[in-house]
Each structure stands twice: as C-alpha cells, then as structure tokens.
Amino acid sequence: MRRIMLGNEAIARGAYEAGVRVAVGYPGTPSSEIMEFLGRFDEIYSEWSVNEKVAMDVAIGASLGGVRAIVVMKHAGLNVASDPFYPICFMGVNGGLVLVSSDDVGAVSSPTEQDTRIYARLFHIPMLEPSDSQEAKDFTALAYRVSERFDTPVFLRTTNGVSHSMGVVRLGKRRETRLPAFEKTSPKFRPQGGVHPTVMHENAHRRLKRLEAFANRTRINRIEWGDRRVGIVSSASPYQSVKEILPEASFLKLGFTYPLPEALIREFAAQVKELYVVEELEPFIEDQIKAMGLQVRGQDLRSHGGPLSKEALRDGLAEVLRKLGKKRVRPRASQPGAIARFPTLCAGCLHLAVYYAIRRLQRGMKDREIVIMGDIGCYSLGIAAPHNMLSCAFAMGSGIGAAHGFSRAINGDRNKAILAYIGDSTFLHAGMPALLDAVYNQSSITVVIADNRTTAMTGGQEHAGTGVTLKGERHPPVHIVEICKALGVEDVHEVDPYDFERTLEALRQAIEFDGVSVVIPIQACRMFPKKLKEKPYRVLSDLCTGCGQCLNLYCPAIIVSDEKTAKGRQKAAIDPFLCVGCSFCAQICPVDAITCE
C-alpha cells in the first residue's frame, strides 16, 4: 500500500512500524507535526512534555525500561535537551532510542539558524539524514536497528525541505520487538566518577569505528555513477535539488552522515576528476573530507546561511555546468508578487492590547524608562516596527533571567522599570526556574506572563495549562497564578487584556511594587486551537476625528480610510473580515466612534 505523506508524517509512520511504544517531544517548527501524527496511534504512548529536557528524560527512562522510544524537537530544543542526552550517548541504551531534531533552515520561525549536525560529533553518535518522505519512514525504522545493535542513541536529523515536503511512501506493518530486560543494578547507567566516564569515552570511540564500518557498507550510502568529470557528495534535501540540476553527474548520496564512510568516499573520489560537496549551512561533510586529505570544493561556491534554492545552486555550480557543457538557464523574470514585510501579530491578539497598555503607561512615566526583556513566542514579533517593544529574545525562558540580570546591572536605578515579557507555554517550559531565581535573589522586576491558553507560535499545541493532553485526554490544568505565588511572588495581578483600564492599572501597580511582581493577562488566542471570531466592529465615519488613536494599536484589522476630516486628517476604518470583535479599539477611541451595533 502506498500513500502520499508529509516528511514528518512519514517519520511518525516509521516509528509506528518499528514498534515504538513511547513518543515525547516539545513543539517547534519544523518538527511539530511528527508528534501530532504519533499521537494518532493507539499503540504509542505520546505526550507533549513541558520542555525538551524533560522530554529527553522521559524517552531515556522508557529506553531503560526496555521499550523503543522516540523524542522529537526542533534545533533550538536540542540545546535544551543536550544536558541529559550527552551522558546517555556514552552510557548506551536498553530499548532503541531515537532523537529526531529538525533544523529550521532559513529561520522561518526561529531566532537563529542552527546546524545541529555538529551535535553528532559532540555526542559521538550515528546520524541519519533522509532526503524524502520514503527515506524519512525507512530511516526511522533503520535507526532503531542501529540503536540496539550498536548500543547507542541515534540522531535522525531533518530540515524544512524534508519535514514539510510530500512524497509517495510504501507502508509496512508494525513489528513489535522483544523487550530487553531491565537490570536495576546494572553499572551501565550508574556512572561513578573517575575511571568509569573515561572507559565510556574510550568505548564511544571504539563504537564509532564499528559504526564507520557499517556506514561504508549500508545501502543508504550509495554511489550513482554518471559523468565522472564531476563527482558530487550530497545528502538530505540538497541532494534532491542538485540531482535535478545536474542529473548527468556522478553522485555519492549519503544517508548515514556520521560517522562518514571514509572508505566509500575515497573510492568515489578516486574515480571522479573533480569532487564537490553540496550541503546547507555549515561545511560539516566538506571539512571532514578535507581532513581525509582529499581535494574538494563546496563552501567557496555558496553562502553559509539560508536554504540552498535551485537559483543559488545554479549560481554556485555555474563552473560545473560549463564543464559538463550545460548552459545556465536564465531564471524567468520575477513576477510582481506580495510586498516583503515582517510578520505581524493577528487582529485581536492579546499582545496588541498589552503592548498598547505598556506604551500608554510609558507615556505617563516621563521620568522613568520601561525596558522590556522579551522571550520566544508570538510576542517576539514585538521586537520589530511598529511595536519596537522588546529589547531582546534569545532563548525559551531567558527573558526573566535577563530582566533580573539587567536590574542588577543598573544597581537600583529608579529611572528604569525592568519588565520581562513571556508567554504561558514558554513560562511553563523554562520560565519557572528563572522566576524562582529572581524572587529568591530579591530582584526588582515586573514579569508579564501573557496567557493565550495555547502554544500559539508553533500551531496551537496543548500544554499543562490548557488541561488537554496530546492524546486529547482532559486533566485539571495547572494555574499560573498559583505557581507564581508558590514560587514566592507576593504581587500577582490577573487581568483581562481587553479591559484596557484594568490592565493599565495592574501594570502601574506592578511596576511600582518593590520586588518581583507578576501581571498575567489572560485571553485565548484568536487563531488556536480554533479560530475565535465575534461580530466585527466598525467605525462611525461621521464621528471619527482622524486622531489616529486606534491606529496606534497596530491591529491589522484597523486601516486608514479614504475619507478625510475637514482638517484633512484621514479617518480610520475596520476590515470586517479581519476584525474578531475583541472591543479593545472601541475602548480606546476618545470620541466613541467605534461600535459593533
């Protein structure tokens, strides 16, 4: 049986067919759909863990318990999970353990563009990289055989090009595996200082030698002979792109990309006139081939950042095209398209209302500057114009710690009010320890925890505060107000951000509080888990004075009208298709010109 599958769906199918029993992860583009597809299998226990480190802990525990486990995250999440993952890579596994980490090449929805292949070297573990949906399924199943045969976790790395592309996949049957026995007194997972870690380190290098021998003979590393004037080494989605541009060249297609198959590479290099590497981001493969003493080109023909588009490949490989007697195809003239612009917050988003309230508060605090340390979520769009609200956003949960550090740096300067701005999912992910730290160390900051009842940035996934699990089961949700109080925060304000005056007053009181204060604006995301839309508002043109107060909210639904006042000011209008009826603009209009009647 065959089906057209998204790369992420194919990975989930591969895990199912491999007999995986436990699946854990944390949402993040481009990996999120893997867990959502895994959650549909009754045979697999699946959960959104509170963060990637916890997910890794759970997966490791499942492996120790003797079942096959998969743990899923995006590239930045691997940084979080690396703490428990690094030691288990040296200790080994019981049941097969596979880490799937997806790199957001082009930083479509990430603050950074990270090449996680380098982690494979750091962790001393094998890495597999599929090039299409069929390989995504097959490599996932293969990863478990490698994991148990070589007693190691296996790293399955994808990028947007594979995770979010579709292809035909041949389906197989689920195969349950015999469970390895769990030995609770085994020294394998109970390292002692001194000799044991050194032995594990030596063992990891011996294992890499055996894995390299496997890489040299596995069929997922293969030579495709063509014109031997040009030999190209490639993997993952760049292989598909360069194969389309230069189908007549000779290829060494790598699916097992760490440790590299040195003997196979030398065999290939010896039989082609010139050797090239085509890969995205860092010269991970190229540098290793150079270290073998082979002449190879690659990085000098492309940029370090961004995905390898066909246009970029044609430019970079122009010299190769000429050698093969091919003319470089001139790209078609670009068609007029959408105007490039920075992503914006949605109409009716609670962050628009809170940002507006903070700006109004700042306007009334002429002798005191509000500085906001941001975090990772939809609200990080507030870094850019027209909001210009956040001063930083660098890692999940870091905004609170950064605010605490900044407050210490200014050493009690009352001319500045320090805020941290974080979302509900991010707070539960990594914000709680930072808040505890700020309280315990007697900081003086205000933390805004904007609770939109979902993990909005990654597509509306559930979390511990929503009361619904990945499997759709309902449990009592955690209460962020109670968490803050339990962590020692004495000044906590829970507000409806659509209530402008109350939100303004809560922020004012919190900033004036001497110590750590918390403001929690709560309003459900307008887009997830289902789109919320009430009767749209409209502008009464006869009453509008063109003051621009509503435009300062920066809501996408509020636009400039063609009509002008007698003084030549342009009046406002509301796009009824975008307006979700939140009422905030009606509250801030000074002449009551906005209504839903």
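Student: What share of the 597 residues in the chain is buried?
Tutor: This is a predicted model. A residue counts as buried under 20% relative accessible area. Across the 597 residues of the chain, the buried share is 57%.

Student: What radius of gyration does the chain have, and what does the globule rule give?
Tutor: For 597 residues, a compact globule would come out near 25 Å. The value for the chain agrees with that. Its radius of gyration is 27 Å.

Student: What does the C-alpha trace span along its principal axes?
Tutor: The spans are taken along the principal axes of the chain. They come to about 80 × 65 × 50 Å.

Student: How many helices and strands are there in the chain?
Tutor: Helices and strands here are DSSP runs. The chain holds 22 strands. Its helices number 19.

Student: Of the contacts with a separation of 6 or more, what share joins residues 24 or more positions apart?
Tutor: Contact means heavy atoms within 4.5 Å. Among contacts in the chain with a separation of 6 or more, those between residues 24 or more positions apart account for 75%.

Student: What part of the accessible surface belongs to carbon and sulfur atoms?
Tutor: The chain has an accessible surface of about 26600 Å². Of this, carbon and sulfur atoms hold 52%.

Student: Which residues form a nonpolar patch with about 330 Å² of accessible area together?
Tutor: Patch members need over 30% relative accessible area. V168, in strand β8 (residues 166–170), is partly exposed at 47%. The patch lies on the surface and is formed by I4, M166 and V168.

Student: How many disulfides are there?
Tutor: A disulfide needs two cysteine sulfur atoms within 2.5 Å. By this rule the count is zero.

Student: Which cysteine sulfur is nearest to that of C378, and how far away is it?
Tutor: C378 is in no disulfide. This cysteine is buried, at 19% relative accessible area. The nearest cysteine sulfur is that of C525, and the distance is 6.3 Å.

Student: Is C582 buried or exposed?
Tutor: C582 is in no disulfide either, with the sulfur of C585 nearest at 5.9 Å. The cut-off for burial is under 20%. At 15% relative accessibility, C582 is therefore buried.

Student: Which residues of helix α11 are buried?
Tutor: An α-helix has 3.6 residues a turn, so residues three or four places apart point the same way. Helix α11 covers residues 284–291. Its buried residues are F284, I285, E286, Q288 and I289.

Student: Which residue with positive phi follows α11?
Tutor: The phi in question is near 90°. The residue is G293.

Conventions: Residues numbered from 1 in each chain as written. Predicted model: local features only at pLDDT ≥ 70, side-chain atom pairs only at ≥ 80, totals over all residues. Heavy atoms only, no water. Patch = residues over 30% accessible without salt bridge, like charges linked within 9 Å, V, L, I, M, F, W, Y side chains within 5 Å. Areas by Shrake-Rupley, 256 points an atom, 1.4 Å probe, with all protein chains shown as cover. Salt bridge = Lys/Arg side-chain N within 4 Å of Asp/Glu carboxyl O. Helix = DSSP H or I, 4+ residues; strand = E, 2+ residues; numbered from the N terminus. Buried < 20%, exposed > 50% of the residue type's maximum accessible area, 1.4 Å probe, protein only. Rg over C-alpha atoms; globule rule 2.2 N^0.38 Å.
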